Amino acid sequence: MAKDSIVTIYINEKEYKVKEGQTIMQAADSHGFKIPRLCYHPKLSIEGACRVCIVEVEGMKTYAASCACPVAEGMRIHTNTKELRRARRDIVELILDNHPKDCHTCERDGNCELQRLAYAMGIRHRHFEGERKHYEKDLSSESVIRDPDKCILCGRCVRICSEVQKVNALGYAHRGFKTVVMPAFNAPFSESVCSNCGQCINVCPTASFVEKNYTQELFEKLDNPDIIKIAQIAPSVRAAIGEAFGLPPGRAMHGELAASLRKLGFDYVFDTQFSADLTIMEEASEFLERLQGNGPLPMITSCSSAWMKYVEHFHPDFLPNISTCKSPMAMMGALTKTYFPGKIKKKPEEIFSVAIMCCTAKKYEAARPELMVDGIRSVDLVVTTREIAWMIKSAGIDLVNIKPQDFDAPLGISSGAGAIFGATGGVMEAAIRTAYELYTGETLLDIELASLRGFHGIKEAEIVIDGKPIRVAVAHGLGNAQELLAIAKKDPKRYHFIEVMGCPGGCIGGGGQPYATANSIPLDEECLAKRAEALYAIDREKTIRRSHDNPDIQRLYREYLGRPLGQLSHKLLHTHYGAKLPRGIIVGGGE
Amino acid sequence: MKNPLEIIKVKRAEAINRILGRGYFSTKRVYVGMATCEIAAGSADVMEIFQTAIKNGLVDVYLSQKGCAGRCNLEPTVEVIEEGKIPVKYGLVDAGRAHEIIERHLKKGEVIEEWVIQ
Amino acid sequence: MGDSVTTNQPIEKRPRKQVEYNIILCSGPSCLHNKSSELYTEIVKQLEAFNCQSKVEIILSGCLGMCARGPIMVINPGYILYGDVGVNDVHDIIKGHIVDKTPFSQKVIHEDHLFNRFYRVFGDVKFFGKQMRIALRNCGIIDPEKIDDYLSVRGYEALAKVLTDYSPAEVIHQIQDSGLRGRGGAGFPTGLKWKLTADAEGEVKYVICNADEGDPGAFMDRSAIEGDPHSIIEGMLIGGYAVGAKKGFLYIRAEYPLAIKRLEKALTAAREQNFLGDNILGSNYSFDIEIRLGAGAFVCGEETALIQSIEGERGMPRPRPPYPSVRGLFDKPTLTNNVETWANIPVIILDGAKWFSTIGTKSSKGTKVFAVAGNVENTGLVEVPMGTTLREIIFDICGGIPGNRKFKALQTGGPSGGCLTEDSLDTQVDYESLAKAGSFMGSGGMIVMDDTTCMVNVARYFLEFTQNESCGKCTPCREGTKRMLEILTRITDGRGEVKDIEKLERLGAMISKASLCGLGRSAPNPVLSTLSKFRNEYEDHILHKKCTTGSCQAMLTYSINDQCIGCGACIRVCPVNAIKGIKRNPHTIDSELCIKCGECMKVCKFRAIDRV
């Protein structure tokens with residue numbers, strides 16, 4: 001079957017030429033139709049479960065699911081008959097009938113695919129109401145709350161977790177009306193292999209998966225005049241938060257965020273991009289040490305918290321390869337409880353350190369005991385892009401039109417290298433910029449590494465440093481990471497340095513980013529590309545584009561830390577990881 | 001070299017020889033239904049009674065199990081087959097009937113008409 | 001099963017003739033056409049003429065499978081077959097065979113079919129008379145745990161024949177020519193399924209036997225495996241050869257431990273004899289079979305769900321295309337047939353596709369096994385040629401309805417099927433006719449219901465089953481059947497609403513057309529078919545809050561009539577103290593308190609309790 005040959009089909013009696021091998025849905029989409037759909041997601045396998053996208057095909061006894069059924073020569077399709085409209089309506093009503101009636105107080109109110117669909121199908125009254133399922137919420141995880149009552153069993157979470165992330169933390173249990181999505185053996189999420197990446201939240205059409213919400217706790221802290229409230233903002237938050245305010249993706253809003261957070265009550269607003277620069281200083285130095293024979297290669301980045309938990313469950317054999325550097329968030333946290341209180345003559349206990357992250361897994365990371373410094377948590381609370389957007393809205397702050405402000409010193413200035421951390425390949429690009437110079441003493445001139453940008457699952461590059469070829473690889477999404485590790489396992493000498501980001505596209509596609517709007521789909525690659533471009537633009541516009549050129553970084557080492565990998569660095573900026581139970585099972589490929 | 005059809009003929013001949021060796025040419029062949037349904041109806045006990053009888057000296061009988069022929073409401077079933085006679089099919093054979101079949105039919109050749117499946 | 005019978009009671013109601021011979025006269029459609037009825041008269045006449053009517057019983061049988069040589073008659077013992085029997089031959093046959101004890105050799109035919117052995121043992125039993133045992137040919141006549149027994153009845157000869165004489169394409173031709181269709185229920189042409197798998201691209205292919213029998217009351221597959229496991233293995237071997245597979249999976253539910261044990265034993269024996277393994281019987285063909293146990297999910301009988309289950313996943317159907325014949329187990333082309341289909345294969349090879357295709361109707365060839373249960377005199381496993389009428393199965397083979405009750409309905413196809421009424425009893429068993437009558441062939445469940453059965457309750461029962469067994473993947477089946485079940489429960493509880501019938505029809509129509517797999521698509525059938533045929537019962541329940549059969553407890557009212565002498569027996573047994581009254585005066589039942597348990601009725605010796 002040649003994929004580019006053309007077949008003639010008829011949709012609602014009109015003739016169309018479409019590509020053979022397409023599904024009815026794809027063919028219809030390209031000719032001005034938009035068949036209603038629910039469980040379908042272009043990045044995931046075809047489930048055919050919700051049956052919302054049914055169409056009539058002449059000669060077929062039953063309706064065809066347009067997402068699954070391929071076109072065929074001469075096929076006569078009807079997408080909008082009276083009977084179909086009624087069937088679709090009834091199907092959506094059946095989903096609604098087994099779904100809580102709490103739209104007004106639901107976290108997805110106004111941004112729920114089921115709600116939108118029910119409205120569009122014209123469901124204005126109920127015919128078939130009856131029993132609703134009820135299961136307890138799983139509140140055990142630091143990051144992700146699972147509420148089976150809101151689940152409509154579209155299976156997107158199961159598919160993204162198994163197909164894209166290859167974590168397989170979720171599956172179906174029970175039959176019939178009692179069917180429910182849960183981790184194996186109904187283990188609490190916190191005791192499962194869940195990496196906390198939050199991609200289930202991103203793809204969930206309803207509020208069956210949401211992050212653990214800390215907005216009320218944060219409001220209370222912000223109201224407390226006796227503590228110093230410090231915020232740090234991850235690179236990717238600025239690239240996406242505009243979407244939560246109705247702006248098209250791709251507008252970087254760090255100035256607006258800094259101004260808004262001050263209005264919200266933060267005393268200091270720092271930039272995680274600063275600590276990203278710091279991470280690069282430490283990580284590049286660590287890499288060079290390992291390259292010189294003082295540690296196993298390939299070295300693998302550790303900034304992604306979902307990735308780290310995944311490694312601990314699935315690949316503990318690679319733990320020696322993992323960089324000991326803390327993530328930028330944790331480094332910033334450590335500085336806000338050590339270096340910075342010293343500067344303002346406060347005790348660490350008086351500081352409340354908040355991280356605003358594009359990520360749900362960071363909530364889990366912040367609670368890791370091994371990240372404590374002298375017995376206190378370095379990051380007290382993590383809120384996602386979505387949570388901070390709600391807070392800004394509820395506090396009546398006009399993020400979109402506010403006059404931008406700068407971040408606070410001394411943890412607010414960053415290089416362009418710190419900005420691109422948010423996109424897949426960015427950490428590697430930033431690290432190479434610095435490692436090259438640290439090693440050779442010369443400045444790397446061609447600093448934009450195109451081969452490490454974009455959304456290929458696994459990207460490879462070779463950089464010659466002082467005549468020595470250094471082979472690096474980048475993976476984003478845990479499924480790609482699993483494949484990359486398999487390659488590295490088979491051929492241990494193939495790579496020197498590997499970057500992994502747990503989420504598709506890197507942090508810009510994190511589990512804490514704004515929900516897809518009515519006209520987009522979750523994890524749309526175009527949207528991700530625009531968010532990435534916002535970060536690359538920040539980098540381009542900076543005069544300082546290498547972490548080691550950041551004057552405040554230089555000052556930090558001069559005044560406080562001493563040198564990268566020094567004694568104080570080791571105490572504040574490095575950590576360790578350990579194998580975790582339950583052990584993850586690698587399904588398909590990988591080994 | 002023999003082809004598969006030739007091989008199967010040899011195998012069949014060997015199989016039949018083994019069956020004959022187990023006493024197939026006895027005057028009476030007794031088949032006891034031993035599918036799940038038959039066992040549930042009590043055929044395992046019936047089988048044991050026949051086995052014990054043979055162990056205790058009942059001769060000229062070839063005893064075998066068999067699957068379910070489909071007469072669910074008359075299980076357990078037992079067939080007694082003699083060359084040249086219409087096979088006798090007994091239904092609802094419990095322990096008591098099994099003993100009587102041994103005493104009257106197998107030992108004395110009397111067909112117990114009222115238990116015969118028609 | 002009924003109450004156990006004491007040792008001295010006769011097991012059959014009819015008096016038994018003590019005979020030395022029986023004559024089986026084929027009265028299949030073809031032989032009837034060839035005037036076998038005239039033969040019957042002639043046989044009776046000749047028997048009387050020789051004065052031996054007392055030692056001979058004449059039995060009319062169903063098709064004996066030798067239509068080309070008909071009319072056929074058989075004389076037992078010995079199962080001597082006479083073919084082309086004309087009226088004028090009867091004298092010679094009776095005189096020769098019965099009077100002179102020498103078979104009349106001119107008319108003896110030596111044509112021997114695999115299934116004839118069964119009739120050598122069971123040919124005189126009325127229950128089997130109208131049956132034709134092809135798939136179950138060895139069930140009940142050989143020891144299923146001994147490969148020697150199977151070999152002695154030409155076991156594995158079909159495999160050897162295929163390996164010696166046929167190319168894979170020729171085998172597929174044979175199966176196509178036979179007209180065999182899938183016995184799992186849907187009736188897809190088996191040969192075409194084989195061809196699609198054979199034609200699919202790929203080095204590695206798989207063959208699957210679907211033994212995940214799950215219909216309530218159905219046990220055809222279990223019996224076939226427990227009675228004759230090797231014929232299924234042989235069928236799979238032939239299928240594997242035809243489509244180019246080296247590996248087969250036998251998917252059987254774990255609730256069938258004896259069947260599994262016998263299969264394992266059979267596989268081991270077959271390996272020892274080189275029927276499985278490498279270079280089978282000295283050929284280039286290598287094949288082996290692995291048993292996979294299902295955990296008892298009904299939906300795993302659905303082909304794509306079964307494949308997922310073998311793969312180690314939760315058994316949930318997936319959309320087709322891709323069809324499993326192109327991309328199935330482990331994404332390889334896969335041929336799945338059910339137990340009964342596989343059991344037919346060796347017969348088609350040995351007795352010939354042409355012969356096989358003479359049995360049955362125009363569109364449906366061969367036989368079909370049914371597990372007949374419910375309100376019939378003889379429950380049991382029945383294998384009949386396609387084209388046999390439902391009336392013949394229920395009344396001639398299974399002896400009709402017990403207790404002088406009236407036949408009310410027949411459910412075929414299990415929870416996927418529909419109810420058929422009296423009007424449909426002359427429907428012939430084949431895929432199209434049953435569908436036309438409003439039911440479904442299904443895998444072979446057949447439940448007979450008499451006039452004490454409440455059809456709304458029956459529909460509710462089946463729907464409860466499918467709702468519990470829905471895999472939960474697609475909305476119509478998961479949510480829709482639940483709502484239908486709620487409506488039906490409401491109706492049988494006496495809380496039905498006027499709009500409920502319309503809602504059932506609306507949901508039913510949508511679920512049948514919009515569900516992902518066959519389970520969902522067929523789930524509304526029991527409701528829709530009872531609605532169309534017994535609508536008045538639904539209306540009685542809803543409008544008059546009345547269940548005419550008295551099956552729906554909630555709708556019954558107990559009251560005490562004037563026969564009551566006030567003995568107080570009912571007061572003592574009533575668990576909720578709903579009965580009041582003074583001794584020796586008529587009592588009354590408080591219907592508000594009454595829980596309708598019926599205990600009062602059981603103890604009343606004066607028929608003073610009414611239930612309406």
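What percentage of the contacts in chain C between residues at least 6 apart in sequence join residues at least 24 apart? Among these contacts the share is 71%, where two residues are in contact if their C-beta atoms, placed from the backbone, lie within 7 Å. The structure is a predicted model, in which local features need pLDDT of at least 70 and side-chain atom pairs count only at pLDDT 80 or more, while totals for chains, interfaces and linings use all residues. Residues are numbered from 1 along each chain as its sequence is written, and chains are lettered from A and ligands numbered from 1 in the order in which they are written.

Chain C has 612 residues, and 57% of them count as buried. A residue is buried if 20 or more other C-beta atoms lie within 10 Å of its own, exposed if 12 or fewer, and partly exposed in between, with C-beta atoms placed from the backbone. Along the principal axes, the C-alpha atoms of chain C fill a box of roughly 85 × 70 × 40 Å. The chain holds 25 helices and 17 strands; helices (H or I, at least four residues) and strands (E, at least two) are DSSP runs, numbered from the N terminus.

Within chain C, strand E9 (residues 367-374) is largely enclosed by the rest of the structure, because seven of its eight residues are buried. E9(C) pairs with strand E10 (residues 380-385) of chain C in the antiparallel sense over six bridges, two strands being paired if DSSP finds at least two bridges between them. The two strands E9(C) and E10(C) form a hairpin with five residues between them, and C:Lys368 stands opposite C:Val384 in E10(C). E9(C) is also joined by four bridges to strand E13 (residues 445-450) of chain C, and these two run parallel. In that pairing, C:Ala373 stands opposite C:Ile447 in E13(C). Elsewhere in the chain, C:Ser105 lies in the loop between helix H3 (90-99) and helix H4 (116-122) of chain C. C:Ser105 counts as exposed because it has 9 C-beta neighbours inside 10 Å. From C:Ser105 to C:Glu201 the separation is 96 residues in sequence and 55 Å in space, C-alpha to C-alpha.

Two pairs of chains are in contact, and chains B and C share the most contacts. Here 46 residues of chain B are in contact with 51 residues of chain C. On the chain B side, two or more residues each come from helix H1 (4-21), strand E2 (61-66), strand E3 (78-81) and helix H4 (95-106) of chain B. H1(B) gives the most, with ten residues. This side of chain B divides into 21 nonpolar, twelve polar and 13 charged residues; Ala, Val, Leu, Ile, Met, Phe, Trp, Tyr, Cys and Pro count as nonpolar, Asp, Glu, Lys and Arg as charged, and the others, Gly among them, as polar. The mean pLDDT of chain B is 93, and 100% of its residues reach 70 or more, pLDDT being the predictor's confidence in each residue, from 0 to 100.

The contact between chains C and A takes 29 residues from each of the two chains. On the chain C side, helix H18 (455-469), helix H19 (475-492) and helix H20 (500-514) of chain C give two or more residues each. H19(C) gives the most, with eight residues. The residues of this side of chain C divide into ten nonpolar, six polar and 13 charged. Chain A and chain B do not touch, and their nearest C-alpha atoms are 28 Å apart.

Chain A is assigned domain 1 (6-80), domain 2 (144-210) and domain 3 (215-573), with bounds that come from an automatic or database domain assignment. Nine residues of domain 1 of chain A are in contact with ten residues of domain 2 of chain A. Four strands of chain A form an open sheet with mixed pairing, in the order E12-E17-E16-E15. Strand E12 (299-300) and strand E15 (458-465) of chain A stand at the edges with a single partner strand each, so one side of each is left without a neighbour in the sheet. E12(A) is joined by two bridges to strand E17 (residues 497-501) of chain A, and the two run parallel.
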